[in-house]
Amino acid sequence: MKKTPTQLLLALVVLFSTFSFAQERLCSTHSDLQLAMAQDPVLEQNVQDVERFLKQRSRELISTNSVNGDVITIPVVVHVLYGNATQNISVAQIQSQIDVLNEDFRRTNSDADNVWSQAADTQIEFCLAQVDPNGNATNGITRKASSVTSWNTTQNRMKSSATGGTDPWDTTQYLNMWTVSALNSNGQPGILGYAQFPGGNRATDGVVMGYNYFGRTGAVSAPFDGGRTTTHEVGHLFGLRHIWGDGPCGADDFVSDTPLSDASNGGCQIGSVSCGSVDMVQNYMDYSNDSCMNLFTQGQKARMRANLLNGGFHSSLAQSTKCTPPSGGGGTGCNSTINNFPYSNGFENSLAGWTQDTSDTMDWTIQSGGTPSSSTGPAGADQGSFYVYVEASSPNFNRTAILNSPCLDFASGSTPTASFRYQMTGNAVGTLRLQARTSGSSSWSTVFTKSGDQGTSWLTGTAALSVNTAQVRLVVDTTDSWQGDIAVDAFDISVATSGGGSGCANGVSSFPYNEGFENTLGQWSQNNGDSLDWTLRSGGTPSGSTGPSGAAQGSFYVYVEASNPNFNKTAILDSPCFDLSNQSNAILSFQYQMTGNAVGTLRVQASTGGAYSTIFTQSGNQGAAWQTANVSLAAYAGGDLQLRLVVDTTSSWQGDIAVDDLEISGASADKCAGVPAYNSANTYSVGDQVVYQNTLFELAPGQWLNLGTCGTAREAIASEVSIPLEISVYPNPVSGSQLFTTATGENVNYVIYNLTGQTVSKGNLQGNAINVAELKANVYLIQINDGSQTVTKKFIKK
């Protein structure tokens, strides 16, 4: 059949949609439950019984002020089902997910804020199981190769060895998690994860995620690369519904302190208003990007704890002891306590108070000289004559070795830092981690990690510790080959105490500050907690079709080489400390170059002494030219500031990222400095600013506010230039009879096509509702014309 121009355009839209589909958060938990209950009346009754209990118990907890209680620790087993090496995710990636869960559920996440006063610490923690169902020591991870490229969420085949998956461990004692190649829901692709609500079959209880939406390091895919997919799904497992109640205004998520909403929110639509109130788009149970989510509420806490406390569906899981090693030792035990700092241990023919963990599968070894195997391990100690190391030769393949420090007791107000020397060389080097736990907790958080061959030299590792840190431990995971010895020496802990004045000793206090990286990093330094270093370069980068042809200024620049073995790694470059105590404002400017068909992400992050916040980010191919970025540092004026440049590479080589010509100067007289130009293809949220026809605009509810001409002082006047508002459709997916649009005007028309390009409905808009009652469940494209612009949107009819 001859294709019309419209059909060809739609074909391109469909093709683009196919590649971008996974960028929309899709969780099939609710729809899967509805389908399962329709097919199984017994299940429907069980879920209703559990729901009645959760409503009553959570209300009791709130009314009696009993929501707070003992911390509940949940043992986790992760079943990795993989089709290739990338999907066979690393221990570090798995541990990063456990870390995210602990941060999110305890509200220690670095992006926590005070926007919503009902944000809660749920007092729920997680650990990788220390003992398996047979009573043997374990690291809480199973692995199985599979040829399945996409698993159907309605069939649960990944949860049974009889259907190609992995059988769960006792679901009353372990929270079972499966990571898989990809997920679909009865053929609908792009599902990030799903869970089983309380009341379901015990044999399939647990959560499932795509491997690339699990954790925050390794093979993860933006914008769902922060581990929040698993946070979302565990919320479902413990009884939480989607925050919009999976329906229009009035639909209930059974939580009283979450605002009503008429649909999910994607991206980061902060300020979105529906049902007469502001949507809580930062809630883990919405559909926002990982970087936008940051809270559970007190009501959600009560509901989850009701599920875990006596009488709840998962009460036995909350009482499980599988976080304790089989012997009852190791794990969190200490033989002595250190309270005098600085502390040093060179392992000079002694562990000096450190102890071998009894829950692991092999021991660390004290060694002098080289290790027994050739082409791996150091030639000798970094200091003194001895060091500790893990021997990777058979029979030590795919094992874990843990070395526990003595207990630590830091004075109030101190800021401790751990530093040590490590050596990792060979063609099969596994992973080294430094982990820490706080007083009274059995959960470990990773504060330093390094994987793979790091060269023959001894290197320095550093990690910031909390004043509440009670113990640290060194953890090594070996691979399936012998050339992978990992050694540690000269372990130190130093302590800084808080005091007045600027903390920028020997820092930068004179501005403007410039760094052109002219064959030197200047005062910048390589971070020791990443997995890849930045490189000084002149001329082009070694790989063709990526990287700049030369510096933006001068002769040199810094860049991150994306070629193998640098796939899916992170490179961090730390700035000196900047003393902004005498600055009322400041602007960071720099040039960056990102070209190639596999470019990852460049971020600039800022810290005032604690956690880092991202203040600039750019991803993907930005063209061959050097681009200029301007970032306001006004929020940091009057204090100390440290910056870092962070690059995350992808799984291909054409992704070099370069930076040059960095400057920090006083505030620009031009209020438009650093504000991006308006792009009609972008979606904007209330509060976003753009430059349009040399004028600064800020998006207010329903309109753009003119803030005046660039180069002048900010002013609020009536809009002089009309910026067309983005047309969108909602709710999406739509399960009712009406699809709504933000398009306005007297002559708005629409055409709805199926994915083969056939017209299935068309008409003129009356109000803002479009009748979709006659459409069958499927994916459609709607083309809307409001007289000034024509847009095509994809939507799902359930």
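Colleague: What covers the buried residues of α2?

Modeller: The cover of the buried residues of α2 includes α3, β6 (183–185), β8 (193–195) and α5 (228–237), where contact means heavy atoms within 4.5 Å. Before going further, please note that this is a predicted model, in which local features need pLDDT of at least 70 and side-chain atom pairs count only at pLDDT 80 or more, while totals for chains, interfaces and linings use all residues. Residues are numbered from 1 along each chain as its sequence is written, and side-chain values use heavy atoms, with hydrogens and water left out.

Colleague: Which residues of α2 are buried?

Modeller: In helix α2, residues 29–39, the buried ones are Thr-29, His-30, Asp-32, Leu-33 and Met-37. They lie on the same side of α2, because they cover an arc of only 160° around the axis, the arc being that of the directions from the helix axis to the C-beta atoms. On the other side of α2, Ala-38 and Gln-39 are exposed. Buried means under 20% relative accessible area, exposed over 50%, and partly exposed in between, with a 1.4 Å probe and protein chains only.

Colleague: How many helices and strands does the protein chain have?

Modeller: The protein chain has seven helices and 45 strands; these are DSSP runs numbered from the N terminus, with helices (H or I) of at least four residues and strands (E) of at least two. Of the 798 residues in the chain, 52% are buried. Among the contacts with a separation of 6 or more, 71% are between residues 24 or more positions apart.

Colleague: Switching to strands, why is β23 largely enclosed?

Modeller: Nine of the nine residues of β23 (residues 469–477) are buried, so the strand is largely enclosed by the rest of the structure. β17 (residues 400–404) pairs with β23 in the antiparallel sense over five bridges, and β20 (residues 431–438) is joined to β23 by eight bridges, also running antiparallel. Two strands pair here if DSSP finds at least two bridges between them. Asn-404 stands opposite Arg-473 in β23, and Arg-433 stands opposite Val-475 in β23.

Colleague: And in what order do the five strands of the open sheet come?

Modeller: The order is β26-β29-β34-β31-β32, with antiparallel pairing. The edge strands are β26 (525–526) and β32 (613–619), each of which pairs on one side only. Within that sheet, β29 (residues 570–579) and β34 (residues 640–648) pair over eight bridges in the antiparallel sense, and Ile-572 stands opposite Val-646 in β34.

Colleague: Back to β6, then: which strands make up its sheet, and how is the pairing?

Modeller: Three strands form that open sheet in the order β4-β6-β7, and the pairing is mixed. β4 (151–152) and β7 (188–191) stand at the edges with a single partner strand each, so one side of each has no neighbour in the sheet. β6 and β7 pair in the antiparallel sense over two bridges, and the bridge partner of Ser-185 in β7 is Gln-188.

Colleague: Last topic: what lines the largest cavity?

Modeller: The lining consists of Val-47, Val-50, Glu-51, Leu-54, Phe-197, Pro-198, Gly-239, Arg-241 and Arg-303. Helix α3 (residues 41–63) gives the most to that lining, with four residues.

Conventions:
1 Å grid on protein atoms, 1.4 Å probe; cavity = no way out; pocket = protein on both sides within 12 Å on 5 of 7 lines; lining within 4 Å.
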